[in-house]
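Reader: I'd like to learn how to read a few backbone and packing features in a model. Could you walk me through them, please?

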Amino acid sequence: MNLARLDLNLVVALRALLEERNVTRAGQRVGLSQPAMSAALARLRRHFDDALLDRVGGHYELTALGQVLLDRTSTAYDVLERLFSSQADFDPARENREFKLVASDYAVAVFGAELARVVHEEAPGIRLRFTQTPPTVVDDTATLLSATDGLLMPHGIISGFPATHLYDDHWVLLVAADHPDVDDRLTRRDLARLPWVTYQRTYDAPAVRQLGMLGIEPRVEVSVDSFQLLPLMIAGTRRIALIQARLARLLAPVAAVRLMEPPYEAVPLREALWWHPVHTHDAAHIWLRDMAARVGARLPPAPGE
């Protein structure tokens, strides 16, 4: 494949055609006449040797290849857009743009809220958009990073991409304030016998991974996709959960729970901002990373440190 021979404008046309599934609407979306968009579709069909859009009754449906290209084209478009919007200079006080950051609700609550406050003070034209970390982040990190401005995630989960350290945290255990079977400390036996609440998919939850290294298989009763829901799932029950100490401090007034130290040496949590190498030398991204590092360094110590 010789990229020099390709017309990259076809990426714009391809995305519009696959998403709209209608030549006229696709042309209106990108500012092309119906004949011009039909010509673009013909070129794309010749390139891929596939119809891409098949007429079924009074409408079009994507072919099997068209369905495959739907997500890939969106990602490629985002990469090209970010590539050609790179800047040699960046004046945060005068710029007007949006940064998209992927993060768990934990990272947004503990770090993102403060980052947004400081960014608004220093760069009122800058907008931050936080989106939830998808379960596929480990399996498709490159694709995720290529379509965003950064990923907030602890070290030890992904690797092979540039990152800057933000702050440290540690894990604590949650139990109900009136838990009938727990006194002033937890034992490893408690971890094995009590029911658990975990974050996201049971098999790759932080609690499950850490307990697995101890030879303990937790009995997971509830799994949620939000760290902030953990206290609500613990209060008034016999369940137990693993949660970050900084978030536990923020959520202390939310539910009647107790924080307890794990009966083992828990793996430390070192939060970082990860990005795609295409952003490394971009002035806007350098500013964003420097800002994030400054905000992280100013956070107060985690409880118990």
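Reader: Happy to start with a single residue. Is Arg-21 buried, partly exposed or exposed, and why?

Author: Keep in mind that we are looking at a predicted model. Burial is judged from relative accessible area: under 20% is buried, over 50% is exposed, and partly exposed lies in between. Arg-21 has 32% relative accessibility, so it counts as partly exposed. Arg-21 sits in the loop that links helix H1 (9–20) to H2. Its phi is positive, near 55 degrees, although the residue is not glycine.

Reader: Which value does phi take at Asp-49, and where is Asp-49 placed?

Author: Asp-49 is another residue other than glycine with a positive phi, near 50 degrees. It belongs to the loop between H3 and S1. With 69% relative accessibility, Asp-49 counts as exposed.

Reader: Next, helix packing. At what angle do H2 and H3 pack?

Author: An angle of 65 to 115 degrees counts as roughly perpendicular. Helix H2 (residues 23–30) and helix H3 (residues 34–48) pack at about 105 degrees, and their axes are 8 Å apart. The two helices are therefore roughly perpendicular to each other. On the H2 side, the contact uses Val-23, Thr-24, Ala-26, Gly-27 and Val-30; on the H3 side, Gln-34, Met-37, Ser-38 and Leu-41. By type, the residues of this contact are 5 nonpolar, 4 polar and no charged.

Reader: And how should I read strand pairing?

Author: Strands of a sheet pair through backbone hydrogen bonds, in either a parallel or an antiparallel way. Take strand S1 (residues 53–56) and strand S2 (residues 59–62): they are antiparallel and share 4 bridges. Val-56 is opposite His-59 in S2. The two strands form a hairpin with 2 residues between them, and Gly-57 in that turn has a positive phi of about 65 degrees.

Reader: In what order do the strands of the open sheet run?

Author: The order is S9-S8-S10-S7-S11, so to read it, follow 5 strands with mixed pairing. Strand S9 (219–224) and strand S11 (257–260) are the edges, each pairing on one side only. From one strand to the next, the twist averages 35 degrees. Strand S8 (residues 195–199) runs parallel to S9, joined by 5 bridges. One example is Pro-195, whose bridge partner in S9 is Arg-219.

Reader: Which helix packs on that sheet?

Author: Helix H8 (residues 206–213) does, touching strand S7 (171–176), S8, S9 and strand S10 (240–244). The direction of H8 makes about 120 degrees with that of S8. Buried in H8 are Pro-206, Ala-207, Val-208, Gln-210 and Leu-211. Their cover includes helix H7 (188–193) along with S7, S8, S9 and S10. After H8 comes Gly-215, with a positive phi near 80 degrees.

Reader: How can I check the length of H11?

Author: Count 1.5 Å a residue: the 16 residues of helix H11 (residues 283–298) should span 22 Å, and the end C-alpha atoms are 23 Å apart, which agrees. Among the buried residues of H11 are Trp-287, Leu-288, Arg-289, Met-291 and Val-295. The cover over the buried residues of H11 includes strand S3 (97–103), helix H5 (105–122), strand S4 (126–132), strand S6 (163–169) and strand S12 (269–274).

How values were computed: Residues are numbered from 1 along each chain as its sequence is written. This is a predicted model: local features need pLDDT of at least 70, side-chain atom pairs count only at pLDDT 80 or more; totals for chains, interfaces and linings use all residues. Side-chain values use heavy atoms; hydrogens and water are left out. Axes are lines fitted to C-alpha atoms, for helices over the stretch in contact, and angles run from 0 to 180 degrees between N-to-C directions. Angles under 35 degrees count as roughly parallel, over 145 as roughly antiparallel, 65 to 115 as roughly perpendicular and the rest as oblique. Contact means heavy atoms within 4.5 Å. Ala, Val, Leu, Ile, Met, Phe, Trp, Tyr, Cys and Pro count as nonpolar, Asp, Glu, Lys and Arg as charged, and the others, Gly among them, as polar. The expected span of a helix is 1.5 Å times one less than its number of residues. Buried means under 20% relative accessible area, exposed over 50%, partly exposed in between (1.4 Å probe, protein chains only).
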